[in-house]
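Dear colleague,

Please find below the structure that I am handing over to you, with its sequence. My findings follow directly after it.

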Amino acid sequence: MASVNKLYKADAESLESTLGWIRSQLNGKDAAMMDFVVSAFTSENLTEEFYTRALKEKNDFVKRYFAADLRLRNAKVEYLNTALGRKAGSDIIRMDNAPEGDDSAAIAAIFREKDLLRREKAMDDFLWDSIDSINIFKSFKLDNVLGIVCKLCIIRRWMLLDEETGRTMLRKLVEGVRGSYGNIEFDTLK
């Protein structure tokens with residue numbers, strides 16, 4: 001229990017250390033896939049080329065997660081186009097090979113939220129729920145690791161935006177992992 005309490009006191013820097021530890025446990029190919037996924041949490045990397053590569057990946061998690069991410073980001077761009085009086089469809093990344101999702105109503109609800117911080121949180125909640133949906137019936141394998149990595153990146157972002165929200169998300173992640181994989185020790189997550 002004490003080791004979990006240490007994790008709950010984590011900050012963005014210790015989450016970065018945790019990501020490094022996870023990477024060190026992976027083989028070269030899987031570590032490269034993790035690096036690719038983590039790179040998506042730097043907005044400058046989210047180009048058409050990035051999504052083209054993501055949607056061609058053989059890894060099911062990467063393909064489905066970034067399809068959901070692209071649907072969400074395109075909706076955000078359309079929201080901003082409307083708000084700024086720009087032409088509809090401007091700056092949208094179109095991918096014919098993107099897996100479809102039945103999440104258009106959920107995405108639309110996000111952009112009805114007027115409060116910026118709540119809207120940002122709703123977007124990350126959407127991605128969090130997408131991770132859970134993608135990995136729901138999978139045994140522990142790379143897809144699950146990549147899902148945890150994405151959640152840690154979301155948490156790291158919130159530690160900087162609103163530390164209390166970040167800590168709440170971290171507790172949710174720890175309890176979810178604990179519930180899914182039994183009595184796991186978290187000593188390495190300092």
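Helix H5 passes helix H7 in a right-handed crossing. Please note that this is a predicted model, and that every value in this message is computed from it. H5 covers residues 60–84, and its axis lies 10 Å from that of H7, at an angle of about 155 degrees. Angles over 145 degrees count as roughly antiparallel, and H5 and H7 are therefore roughly antiparallel to each other.

The residues that form this contact can be named on both sides. H5 contributes Asp60, Phe61, Arg64, Tyr65, Ala68, Asp69, Leu72, Lys76 and Tyr79. From H7, the partners are Arg119, Glu120, Met123, Phe126, Leu127, Ser130, Ile131, Ser133 and Ile134. By class, the contact of H5 with H7 comprises 10 nonpolar, two polar and six charged residues.

H7 itself spans residues 116–134, and aspartate 124 lies within this helix. Is aspartate 124 buried or exposed? Its relative accessible area is 7%, and the limit for a buried residue is under 20%, so aspartate 124 is classed as buried. Once its neighbours within four places in sequence are left aside, aspartate 124 is in contact with Ile154, Arg157 and Trp158.

Aspartate 91 is found in the loop between H5 and helix H6, the latter being residues 104–110. Although aspartate 91 is not a glycine, it has a positive phi of about 65 degrees. With a relative accessibility of 54%, aspartate 91 counts as exposed, because the threshold for that class is over 50%.

How many disulfides does a search of the whole structure find? The search finds zero. For cysteine 150, the closest cysteine sulfur is that of cysteine 153, at 6.4 Å. A disulfide requires the two sulfur atoms to be within 2.5 Å, so the sulfur of cysteine 150 is too far from that of cysteine 153 for a bond. The relation holds in the other direction as well, since the closest cysteine sulfur to cysteine 153 is in cysteine 150. Cysteine 150 is buried, with a relative accessible area of 0%, and cysteine 153 also counts as buried, at 2% relative accessibility.

With kind regards

Terms used:
Residues are numbered from 1 along each chain as its sequence is written. This is a predicted model: local features need pLDDT of at least 70, side-chain atom pairs count only at pLDDT 80 or more; totals for chains, interfaces and linings use all residues. Side-chain values use heavy atoms; hydrogens and water are left out. Helices (H or I, at least four residues) and strands (E, at least two) are DSSP runs, numbered from the N terminus. Buried means under 20% relative accessible area, exposed over 50%, partly exposed in between (1.4 Å probe, protein chains only). Contact means heavy atoms within 4.5 Å. Axes are lines fitted to C-alpha atoms, for helices over the stretch in contact, and angles run from 0 to 180 degrees between N-to-C directions. Angles under 35 degrees count as roughly parallel, over 145 as roughly antiparallel, 65 to 115 as roughly perpendicular and the rest as oblique. A crossing is left-handed if the near helix is turned anticlockwise from the far one by less than a right angle, and right-handed if clockwise. Ala, Val, Leu, Ile, Met, Phe, Trp, Tyr, Cys and Pro count as nonpolar, Asp, Glu, Lys and Arg as charged, and the others, Gly among them, as polar.
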